[in-house]
Amino acid sequence: AEPLYVPAETINGATHNVLYVVTEHDSAYAFDADNGTVLWHVSALGANETPTDNRKCDQVTPEIGITNTPVIDPKAGTHGTIYFVAASKDSDGNYHQRLHALDLTTGAEQSGSPVTVQATYPSIGPQSANGQLVFDPAQYNDRAGLLLLNGVVYIAWSSHCDIQPYTGWVMGYNENTLAQTTVLDVT
């Protein structure tokens, strides 16, 4: 993910030029861009979770956490919001992807955040059942940067290392409620 910059952000009562950074270890940071001081740090992992393994693909290794470049809306929420998707794996071996919305000044989850990414799409192709393809959080990696357009956060995924069934997903979420607004699966 690429870092994002916001000038003149008030954090802890002081004005900072802020660099927002996310990592493959499922961490999000706000740094003072002028002196490198950590202003806040949060983990996007749930209880008993780790970042996902590399799914036997060396494109992103050794672990996969937050690969996408986040998007920021400086007017969302009380102090502005940064949005990103974090991938994780729980102690039972289940994979998860969740959309997070964090307050720019504190790193706290906004109301309703995070939301679990889930979707189905009409399909008769590989891995479909009863005319539906189900989004599998273990199968897909969201390497593209997020897009915020007209109040919708758009996220795109492709299969790890072109592993079959190779499809791509594009989903949209309302930036204020984090309700899913659109789903498209492309093959």
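When I speak of a contact today, I mean heavy atoms within 4.5 Å. With that in place, among contacts in the protein between residues at least 6 apart in sequence, 42% join residues at least 24 apart.

A word on the source: this is a predicted model, in which local features need pLDDT of at least 70 and side-chain atom pairs count only at pLDDT 80 or more, while totals for chains, interfaces and linings use all residues. Residues are numbered from 1 along each chain as its sequence is written, and side-chain values use heavy atoms, with hydrogens and water left out.

Turning to the overall fold, the protein has 18 strands and zero helices, where strands (E, at least two residues) and helices (H or I, at least four) are DSSP runs numbered from the N terminus. The radius of gyration, taken over C-alpha atoms, is 17 Å, which agrees with the value near 16 Å that a compact globule of 187 residues would have, the rule being 2.2 Å times the number of residues to the power 0.38. Along the principal axes, the C-alpha atoms fill a box of roughly 55 × 35 × 25 Å. Of the 187 residues, 45% count as buried, that is, under 20% relative accessible area with a 1.4 Å probe, protein chains only.

Leaving aside neighbours within four places in sequence, Arg55 is in contact with Tyr95, Ala138, His160 and Ile163, whereas the C-alpha atoms of Arg55 and Thr15, 40 residues apart along the chain, are separated by 42 Å.

How values were computed:
Buried means under 20% relative accessible area, exposed over 50%, partly exposed in between (1.4 Å probe, protein chains only).
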